[in-house]
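Please consider the following note alongside the sequence and the model. The points are arranged from the overall fold to individual residues.

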Amino acid sequence: MTPFSLAMNVSTVNQSDCPDVTVPFPIFFAIGVVSLAENLLVVVAVIRNRNLHSPMYCFICSLAAFNTIASLTKTCENLMIVLAENGHLQKKGSSETKLDDVIDSLLCMSFVGSIFSFMAIAVDRYITIFHALQYHNIMTMQRAGVILAVIWTTCGVWAVLMVQFFASKFIMICFVAFFFISLAFICFLYAYMFMLARSHAREIAALPSSKGRKFRRQWWRGSMRGALTLTILFGVFVVCWAPFFLHLTIIMVCPLNPYCECYRSLFQLHVVLMMSHALIDPAIYAFRSNELRHTFRKMLLCSEWRQCS
């Protein structure tokens, strides 16, 4: 059992006066299919465009790949639920249970991978802004590849362990604690980064007028734009995933409290938010990155593609 199946099973038993909020299957399916297409587009764009072959875009590509896995697995799970409700699948058959465990483990993998990808992106932005001269020596493509290999390996192992041992309350507590600790770490890093940014901005403003000052200002604006984009991405991630983790926390803290059960009746809305995260991220990439937006346009219009390859 995983956090996703546990939350779903607990939410099906509602003993409060609050009716369960249900979301029609076509909405789940539409969000899953559109987000799957969007994130695949991001992955292909980063792979095909050599101008995007940098550590930051590699980490963004990793984040999009984890979102792709989440969209695909959640869409498959919704299809399984519809088939089971129509009698085409057994709800508790052995093969269906194993398949459900695989789907939930992939969802766990995508969540943990998103967290680690955000951490990697945050560290990359920190180095870009405050160690610009040493950036290409510190964050090479080889090191980025090693970081991504560690992230994906760790997430794969985590997913297997979650399926095998999540029935333990200790593991569930660790899973919830991981979310909030990671949240605190990334928030601290961004807050620290923007505090230092204000100090550096004052130093640049105090420089005498020259071409060097103009260049540093342009570089600074570009770096801070990238940091702001990633802050927006992280904020969307928190908004989309926090309700689900609050749901898990409530299951542990007050499983029988009627007010808590009223919150749990919103479980399907929490799932919609989770799936919407994979839907919103590519739109932010396209809105904030000129290079990525230009690549999307070429891919969708099939124009001048040879220049990107």
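What pattern does the protein chain follow when read along the sequence? The protein chain follows the pattern α-α-α-α-α-α-α-α-α-α-α.

1. Basis of the note. This is a predicted model, in which local features need pLDDT of at least 70 and side-chain atom pairs count only at pLDDT 80 or more, while totals for chains, interfaces and linings use all residues. Residues are numbered from 1 along each chain as its sequence is written, and side-chain values use heavy atoms, with hydrogens and water left out.

2. Secondary structure. The protein chain has 11 helices and zero strands. Helices (H or I, at least four residues) and strands (E, at least two) are DSSP runs, numbered from the N terminus.

3. Burial and contacts. Of the 309 residues in the protein chain, 46% are buried; buried means under 20% relative accessible area, exposed over 50%, and partly exposed in between (1.4 Å probe, protein chains only). Among contacts between residues at least 6 apart in sequence, 80% join residues at least 24 apart, where contact means heavy atoms within 4.5 Å.

4. Helix α3. This helix has 31 residues and reaches 45 Å from its first C-alpha to its last, close to the 45 Å expected at 1.5 Å a residue; the expected span is 1.5 Å times one less than the number of residues. Because 24 of the 31 residues of α3 are buried, the helix is largely enclosed by the rest of the structure. Just after α3, Gly87 takes a positive phi of about 85 degrees.

5. The cavity. One cavity of 30 Å³ or more is found in a search of the whole structure. A cavity is a set of points, on a 1 Å grid over the protein atoms alone, where a 1.4 Å probe fits but cannot get out; lining residues have an atom within 4 Å of a point. The largest cavity has a volume of about 100 Å³, a volume being the space filled by probe spheres set on the points, which are joined across faces, edges and corners.

6. The lining. Helices α3 (55-85), α4 (94-130) and α10 (267-288) each supply at least two residues of the lining of the largest cavity. The lining residues include Asn67, Leu107, Trp241 and His277. They divide into six nonpolar, five polar and one charged.

7. Residue Ile27. Ile27 is found in helix α2 (residues 25-48) and counts as partly exposed, at 39% relative accessibility. Ile27 and Val272 are 245 residues apart in sequence, and their C-alpha atoms are 8.4 Å apart in space.

Technical notes: 1 Å grid on protein atoms, 1.4 Å probe; cavity = no way out; pocket = protein on both sides within 12 Å on 5 of 7 lines; lining within 4 Å. Nonpolar A, V, L, I, M, F, W, Y, C, P; charged D, E, K, R; others polar.
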